[in-house]
Amino acid sequence: MSDPRCPECGSDIVCGWEIPGVYDGILFWVCMACDTAYPRDFEDWKTRQAQSNNYANDYNDGKLRRE
Ligand SMILES: [Zn+2]
């Protein structure tokens, strides 16, 4: 896996998010510099990629917040 980099601002200071009960591992990334979420690259794992995209969108829509 290549280094995650924020597509918005280019920062490499990003935090991996796990969603317990959804995926045991990093599902998507959140940039610590600009607070933008973006999906992890799951390549050919299409169902997982769709989840990653959806959760990143939810974060950006304000439906997921860090506690
Ligand atoms: Zn950023």
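Strand E1 and strand E2 (residues 23-31) pair in the antiparallel sense over five bridges, where strands are DSSP runs of E with at least two residues, helices are runs of H or I with at least four, both being numbered from the N terminus, and two strands count as paired if DSSP finds at least two bridges between them. The model is a predicted one, in which local features need pLDDT of at least 70 and side-chain atom pairs count only at pLDDT 80 or more, while totals for chains, interfaces and linings use all residues. Residues are numbered from 1 along each chain as its sequence is written. Within this pairing, Val30 of E2 is the bridge partner of Cys15, and Phe28 of E2 is that of Trp17. Three residues lie between E1 and E2, which form a hairpin, and Gly21 in the turn has a positive phi of about 90°.

On E2 and E3, the pairing is again antiparallel, over three bridges, with Val30 opposite Ala37 in E3. These two strands also form a hairpin, here with five residues between them, and Asp35 in the turn has a positive phi of about 60°.

Taken together, the three strands make an open sheet with the order E1-E2-E3 and antiparallel pairing. Strand E1 (14-19) and strand E3 (37-39) are the edge strands, each pairing on one side only. From one strand to the next the twist averages 40°, with axes fitted as lines to C-alpha atoms, for helices over the stretch in contact, and angles running from 0 to 180 degrees between N-to-C directions. Helix H1 (residues 46-60) packs on the sheet and touches E1, E2 and E3, its direction making about 45° with that of E2; contact between two residues requires that their C-beta atoms, placed from the backbone, lie within 7 Å.
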